[in-house]
Amino acid sequence: MNAPIPRAELAASTMNWERGTSRIPFAVYNDPALHKQELQRFFYERHWCYVGLEAEIPKPGDYKRTEIGERSVILVRALDGAIHVVENACAHRGVAFCRARHGNAQAFVCPYHQWNYALDGRLRGVPMRHGVKRDGVVQGGMPADFNFADHGLTRLKVAVRGGVVFASFDHDVEAFEDFVGPAVLRYFDRLFDGRQLKILGYNRQRIPGNWKLMQENIKDPYHPGLLHTWFVTFGLWRADNRARMVMDGHHRHAAMISTRGNAGAVSEVSRVSSFKQAMNLHDPRFLDIVPEAWWNGPTAVMTTLFPSVILQQQVNSVSTRQIVPDGHGHFDFVWTHFGFEDDTPEMTRRRLRQANLFGPAGFVSADDGEVIEFSQETFEAKPAHRTLAELGGDEVADTDHMVTETLIRGMYRYWREVMAR
Amino acid sequence: MSAAIGFEDWQALIQLYADYAGTVDAGHWEQWPEFFTDDCVYRVQPRENHERGFPLATLSFESKGMLKDRAYGIRETLFHDPYYQRHVVGLPRLLRADEGRYEVEANYAVFRTKLSQLTTVYNVGRSLDVVVRMPAGLKFARREFIYDSEMIPNSMIYPL
């Protein structure tokens, strides 16, 4: 296990919190030592991290390589159909042996010395274990007490719910359902209600900003109607929509729930004159929205599961967005768009068309990566300063509107609790 | 190359590719849709999705109108760090020639230069195209950029 990082390294002098967690020190985004500690405490201990969808590995032997924090892991369906997650690191010399991003295998074999593992990570074969005989004499070999059971791949604890797979390096982690908590689990189950999922494809982007900024972006209902003109103009997300902000008991996860309201006049809501009152689409099929029964009302639910994933329903477009940190100043953002097995061809086409709004080029998502990059630029240049998240005051509580930054404050309340342990 | 093409059409095809790159690299977004037919398909898709048969594309447009909507978005609604693009496009490889209809593949590299920053390789891959002869000259009925650079450096604002 990683040795704990001394608290003294946490740049405590610059970590000056004011007014609870409504003023966030730039230093939380900047410090490599702090980042290592975050990886340990949020990604490798006590938390469940997203690794993929069952539909990505439908057949026995199917596997997918992905990451938890900065560690490479393999999501695999064993020959008996059971799902396992193992670390992509040979027990012998640490080689991250699996290089394909996906595939089908009967076993995992490290090329360096041909150590052979079952798909559940158990060590099965070590060449020259019993030495090599020459002139009647056995030479070398592993020690007599070498025990295969002690030298498998690191096996992670696995939770599967509604076709979504989470894993944890920490076998003492609480049950997945307790980790998410009932208030947010309700919205998880709304999207992943047991229907078979159908993978539509991937988008990948590398965002030059601290990974927490993406969690904050989807805990920030203030910006969509301001940064994203499309959301306001077409009524998809605007400050006067019916909305609720819901957190789990620890304030680490959240759901932003909104129901589409008026499309049209915008200035009385945003009070921003730059919006395009008269914006009309040349091809309205981008927004050929058809309500689905499973929505049960809300037209958009954006769920953040801390630390690793965002679950998106924006009208007919649904996706998971995985956060993979790489140092304190970058993260990879992996989008998996999907549909459901009972989708008609028209619904599939609709989901794909609406996907033009989301992803690295999306009409309402491309600029999220841009603003995160520009925030990080300032954090690096001015580490003693802080951000301000005081819309709606400085308290942390669920709300029945979206004119608040309470979810960000809640996330940092949790962050501080965990980092102070 | 099994396909056959007359010299005039070949010359027009080369000119089309050169003009397209020139227009996009100049940032003339309003002119960009004019390279396409009304019911064109324009897609920018990671190679991963293409090879695995996944339909999702990073940009997926099905009409000239959608291209106009994108051009409007670039100018008016998408907040972004401005950048220059520079296409370097290989010679078109003719895959199939029918009367007034050509299937073409071309390798490309796009460099990105943000203002006051160093130039980087932004996106490389190949385009899979269908070019048709229209009264106004050759137009793209289909342009699919299949990109090797699956990890997009933050965002993709402008069309390739």
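## Strand β5 and B:F111

B:F111 is found in strand β5 of chain B, where helices (H or I, at least four residues) and strands (E, at least two) are DSSP runs numbered from the N terminus. With a relative accessible area of 29%, B:F111 is partly exposed; on this scale buried means under 20%, exposed over 50% and partly exposed in between, for a 1.4 Å probe and protein chains only. Leaving aside neighbours within four places in sequence, B:F111 is in contact (heavy atoms within 4.5 Å) with residues including B:Y84, B:R86, B:V88, B:T119 and B:Y122.

## Basis of the model

This is a predicted model, in which local features need pLDDT of at least 70 and side-chain atom pairs count only at pLDDT 80 or more, while totals for chains, interfaces and linings use all residues. Residues are numbered from 1 along each chain as its sequence is written, chains are lettered from A and ligands numbered from 1 in the order in which they are written, and side-chain values use heavy atoms, with hydrogens and water left out.

## Strand β7 and B:F145

B:F145 lies in strand β7 of chain B and counts as buried, at 2% relative accessibility. Not counting residues up to four places away in sequence, B:F145 touches B:Y20, B:Y42, B:R43, B:V44, B:Q45, B:Y108, B:R126, B:S127 and B:L160. B:F145 and B:E105 are 40 residues apart in sequence, and their C-alpha atoms are 9.7 Å apart in space.

## Helix α1 of chain B

Helix α1 of chain B covers residues 7–25, and at 1.5 Å a residue its 19 residues should span 27 Å, which agrees with the 27 Å between its end C-alpha atoms; the expected span is 1.5 Å times one less than the number of residues. The buried residues of α1(B) are B:D9, B:L13, B:L16, B:Y17, B:Y20, B:A21, B:T23, B:V24 and B:D25. An α-helix has 3.6 residues a turn, so residues three or four places apart point the same way.

What covers the buried residues of α1(B) includes strands β1 (36–46), β5 (101–114) and β7 (137–147) of chain B. Just after α1(B), B:G27 takes a positive phi of about 75 degrees.

## Domains and cysteines of chain A

The domain assignment, which is automatic or from a database, gives chain A a domain 1 (49–158) and a domain 2 (181–419). The contact between them takes 11 residues from domain 1 and 17 residues from domain 2 of chain A, and the C-alpha centres of the two domains lie 37 Å apart.

A search of the whole structure finds 0 disulfides over all chains, a disulfide being a pair of cysteine sulfur atoms within 2.5 Å. The sulfur of A:C49 is 19 Å from the closest cysteine sulfur, in A:C98, too far for a bond. The sulfur of A:C98 is in turn 11 Å from its closest cysteine sulfur, in A:C110, again too far. A:C49 is buried, with a relative accessible area of 1%, and A:C98 is buried with 6%.

## Interface of chains A and B

Chain A and chain B bury about 3500 Å² between them, 54% of it on carbon and sulfur atoms; buried area is the accessible area (1.4 Å probe) that two parts lose on being put together, summed over both. A:Y202, A:A361 and A:F363 supply 16% of the area that chain A buries against chain B, more than any other three residues. The contact takes 40 residues from chain A and 37 residues from chain B.

Across this interface the rule finds 5 salt bridges, each a side-chain nitrogen of Lys or Arg within 4 Å of a carboxyl oxygen of Asp or Glu. The side chains of A:R101 and B:E48 meet in a salt bridge, at 3.5 Å from N to O.
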